[in-house]
Amino acid sequence: MFPVNDSKNYFCLADESLSATRKKGYLFFNDLVKRTIKELKLYFDRQPDHLKEHAFEYREQQIKTFLTLALGKMTKNNFLQEFPMERVKKRTKKWEYLGNGFVDYWVATKEVTCFIEVKNEWTRYYPEKKEFTFYKAAAGLLSDAKEQTDKIKDKGAFFNTKHAFSLGLLITPIFAFGEEAEIIRMDAALKEELVRGAKDLGADILAFWRIGNGRLHGYELENGKGMEYFPGVVFWGRLKKVSRKK
């Protein structure tokens with residue numbers, strides 16, 4: 001994977017095999033993640049100390065708060081959330097009607113139109129081994145997100161830009177135990193671990209945000225035996241170019 005963006009507390013990696021057309025989708029992903037992190041920081045900095053963990057222990061519906069703000073600024077409010085869609089599946093030469101559903105976001109910038117399905121899971125980090133555990137459930141969720149967009153009927157009718165994509169977006173806050181969890185080094189070993197995770201989960205792009213600059217706090221475990229930390233967040237993406245056919 002090659003770097004799309006790299007800084008002190010953030011990097012974004014994309015699969016090296018991507019085509020020139022799909023690069024637009026990856027750059028869209030990178031922009032979305034960075035803007036979402038910005039909104040998370042603003043929220044965190046304005047909250048009382050006893051509430052600050054909620055900026056990072058979020059679940060799917062909570063993260064949509066920050067995604068919605070980010071998408072509004074990216075698209076100048078040219079997007080819809082929970083947009084109703086018909087879903088179909090191809091059976092040999094015929095289409096089978098599966099029923100109605102909703103896509104989390106239907107968004108458009110000047111160059112890119114995108115359907116986005118959002119999922120949430122956790123990732124565990126072991127400081128002593130410098131390794132992650134990527135749960136099997138997360139791979140299923142990312143696959144589900146892609147499948148939900150694949151089944152939208154007449155997708156081409158919703159696009160009026162040159163580049164059209166669907167994005168399965170899986171967001172996994174990291175949790176870890178012990179004081180060493182306070183430090184996650186932004187080095188080659190970390191990137192290799194996350195690339196391994198991308199392969200396990202079926203992601204073709206990922207972004208990692210290390211939480212720092214006074215935003216990292218420890219929480220005492222209920223049994224009183226140690227501390228728990230949330231030192232970062234991983235955003236996993238599965239991007240597909242959308243056909244203008246059914």
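Strands, like helices, are DSSP runs numbered from the N terminus, and a strand has at least two residues. In this numbering, Glu117 is found in strand β5. The model is a predicted one. The mean pLDDT of the protein chain is 82, and its largest nonpolar core has 34 residues.

**Confidence**
- A pLDDT of 70 or more is reached by 84% of the residues in the protein chain.
- Among the elements of the chain, β9 has the highest mean pLDDT, at 92, while strand β1 (residues 2–6) has the lowest, at 65.

**Nonpolar cores**
- Within the largest nonpolar core, the residues with the most contacts are Phe29, Leu32, Leu71, Ile116, Leu169 and Phe235.
- Two or more residues of this core are supplied by each of several elements, including the helices α1 (20–46) and α2 (60–75) and the strands β5 (112–120), β8 (163–177) and β11 (227–241).
- Helix α1 provides the largest share of this core, with 7 residues.
- Another core, of 21 residues, lies apart from it and has Phe11, Leu13, Leu142 and Ala198 among its members.
- In soluble globular proteins, nonpolar side chains tend to be buried together.
- Beyond its neighbours within four places in sequence, Phe29 is in contact with Cys12, Leu167, Leu169, Ile205, Leu206, Ala207, Phe235, Trp236 and Gly237.

**The surroundings of Glu117**
- Glu117 has a relative accessibility of 2% and therefore counts as buried, since the limit for that class is under 20%.
- Setting aside residues up to four places away in sequence, Glu117 touches Arg87, Phe102, Val103, Asp104, Ala145, Gln148, Thr149, Leu167, Gly168 and Leu169.

**Aromatic rings and charges**
- The count of aromatic pairs comes to 10.
- In one of these pairs, the ring centres of Phe79 and Tyr105 are 6.3 Å apart and the planes meet at 45°, so the arrangement is tilted.
- Because Phe79 belongs to strand β3 (residues 79–91) and Tyr105 to strand β4, this pair ties together parts that are 26 residues apart in sequence.
- Phe79 counts as buried at 16% relative accessibility, and Tyr105 is buried with a relative accessible area of 1%.
- One aromatic cluster is formed by Trp122, Phe175, Phe177 and Phe230.
- Lys191 places its charged end over the ring of Phe11, at 5.0 Å from the centre.
- Lys129 lies over the face of Tyr126, 5.7 Å from the ring centre.

**Strand pairing around β11**
- Strands β8 and β11 pair in the antiparallel sense over 12 bridges, and Ala176 stands opposite Tyr229 in β11.
- The pairing of β9 with β11 is likewise antiparallel, over 6 bridges, with Ile205 standing opposite Gly237 in β11.
- Strand β10 (residues 218–220) pairs with β11 in the antiparallel sense over 3 bridges, and the bridge partner of Glu220 in β11 is Met227.
- A hairpin is formed by β10 and β11, with 6 residues between them.
- In the turn of this hairpin, Gly224 has a positive phi of about 75°.

How values were computed:
Residues are numbered from 1 along each chain as its sequence is written. This is a predicted model: local features need pLDDT of at least 70, side-chain atom pairs count only at pLDDT 80 or more; totals for chains, interfaces and linings use all residues. Side-chain values use heavy atoms; hydrogens and water are left out. A nonpolar core is a set of buried Ala, Val, Leu, Ile, Met, Phe, Trp, Tyr and Cys residues joined through side-chain atoms within 4.5 Å. Buried means under 20% relative accessible area, exposed over 50%, partly exposed in between (1.4 Å probe, protein chains only). Helices (H or I, at least four residues) and strands (E, at least two) are DSSP runs, numbered from the N terminus. Contact means heavy atoms within 4.5 Å. pLDDT is the predictor's confidence in each residue, from 0 to 100. Rings of Phe, Tyr and Trp (its six-membered ring) pair if their centres lie within 6.5 Å; planes under 30 degrees apart count as stacked, over 60 as edge-to-face and the rest as tilted. A charge sits over a ring if NZ of Lys or CZ of Arg is within 6 Å of the ring centre and within 35 degrees of the ring normal. Two strands pair if DSSP finds at least two bridges between them.
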